[in-house]
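Colleague: I would like to learn how to read a structure like this one, step by step. Could we begin with how strands are matched to each other?

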Amino acid sequence: MENTLNEPALKYGISPEQYLQEENELLEKHEYYQGEVFAMSGASLNHNRISRKLLTDLSQQLKGGSCEPFGSDMRLHIPENTLYTYPDISVYCGEVELTGQPFDTAMNPVLIIEILSKSTENYDRGKKFVLYRQIKSLTEYILVDSQSIHVEHHSKKGDGFWEFREYKMLEDKFSINALDIEFNLSDIYEEIKFS
């Protein structure tokens with residue numbers, strides 16, 4: 001699901017409890033941040049294909065282990081900054097820490113993957129990454145462009161410093177150290193057509 005804080009807020013000054021109550025009754029998804037609610041837009045064909053490929057590959061590589069991947073229906077909450085959002089893909093290891101009523105909102109991902117589009121790339125690279133860095137369990141953040149061959153990989157080191165690497169060639173591959181798995185860009189971008 002693509003999202004952005006650049007769209008007009010649907011509501012201002014509501015509490016997290018009001019947001020959750022209304023969100024659980026709606027068919028559409030909304031992001032919540034500091035009392036404001038934002039509609040989340042739909043996703044392109046490339047976005048959906050990339051998401052499917054990544055989620056399928058993660059499921060296969062993590063099968064039988066203690067880590068579990070989820071798609072964009074898994075809501076995430078960051079209590080430190082009030083954000084409620086729906087990452088494109090998130091991975092949780094061990095017990096998934098849940099909050100909310102009903103208990104359906106997760107809080108402790110080790111990996112988040114966002115698939116970039118024109119409307120989300122600035123937010124996902126900027127403000128959203130700042131907010132995500134407040135998740136204590138998060139050790140890797142990956143951005144996959146849906147408009148060109150480009151993957152940005154951020155990984156947290158032991159001292160809390162975030163290291164950045166990027167990949168732009170189909171022959172490139174990268175490792176997700178927290179999960180001990182690897183991705184090939186040629187697999188991620190298979191069948192993807194750019195205009």
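Modeller: Let us start with a definition: two strands are said to pair if DSSP finds at least two bridges between them. This is a predicted model, and in it strand S12 (residues 151-156) and strand S13 (residues 162-167) pair in the antiparallel sense over six bridges. Within that pair, Val151 stands opposite Tyr167 in S13.

Colleague: What is the phi of Gly160 in the hairpin of S12 and S13, and how many residues lie between the strands?

Modeller: Five residues lie between these two strands, and Gly160 in this hairpin takes a positive phi near 90°.

Colleague: How much confidence does the predictor place in the chain, on average?

Modeller: The mean pLDDT of the chain is 90, with 94% of its residues reaching 70 or more. Over residues 1-8, however, the pLDDT is below 50, although this stretch has 39 contacts in the model beyond near neighbours in sequence.

Colleague: Now to helices: which residues of H1 are buried, and where do they lie around the axis?

Modeller: The general idea is that an α-helix has 3.6 residues a turn, so residues three or four places apart point the same way. In helix H1 (16-23), the residues Tyr19, Leu20 and Glu23 are buried. Seen down the axis of H1, these buried residues fall within an arc of 95°, so they line one face of the helix. They pack against strands S2 (30-33), S3 (36-39), S5 (75-78), S6 (83-85) and S9 (105-106), while the face turned away from the buried side carries the exposed residues Glu17 and Gln21.

Colleague: What span should the residues of H2 have, and which residues of H2 are buried?

Modeller: At 1.5 Å a residue, the 18 residues of H2 should span 26 Å, and the end C-alpha atoms of this helix are 26 Å apart, which agrees. The buried residues of H2 are Asn46, His47, Ile50, Ser51, Lys53, Leu54, Asp57, Leu58 and Leu62. They cover an arc of only 165° around the axis, which puts them on the same side of H2, whereas Leu45 and Gln60 are exposed on the other side. What covers the buried residues includes strand S4 (67-70), S7, S10, S11, S15 and H5. Just after H2, Gly64 takes a positive phi of about 85°.

Colleague: Which residues touch the most other members of the largest nonpolar core?

Modeller: In soluble globular proteins, nonpolar side chains tend to be buried together. Here the largest nonpolar core has 24 residues, of which Leu58, Leu111, Val144, Phe174 and Leu179 touch the most other members. Several elements each supply at least two residues of this core, including helix H2 (45-62), strand S10 (111-116) and strand S14 (173-176), and H2 gives the most, with four residues. A second, separate core of 18 residues includes Tyr123, Leu131, Ile135 and Leu143.

Note on methods
Residues numbered from 1 in each chain as written. Predicted model: local features only at pLDDT ≥ 70, side-chain atom pairs only at ≥ 80, totals over all residues. Heavy atoms only, no water. Core = buried A, V, L, I, M, F, W, Y, C linked by side-chain atoms within 4.5 Å. Buried < 20%, exposed > 50% of the residue type's maximum accessible area, 1.4 Å probe, protein only. pLDDT = per-residue confidence, 0-100. Contact = heavy atoms within 4.5 Å. Expected span 1.5 Å × (residues − 1). Arc of directions from axis to C-beta.
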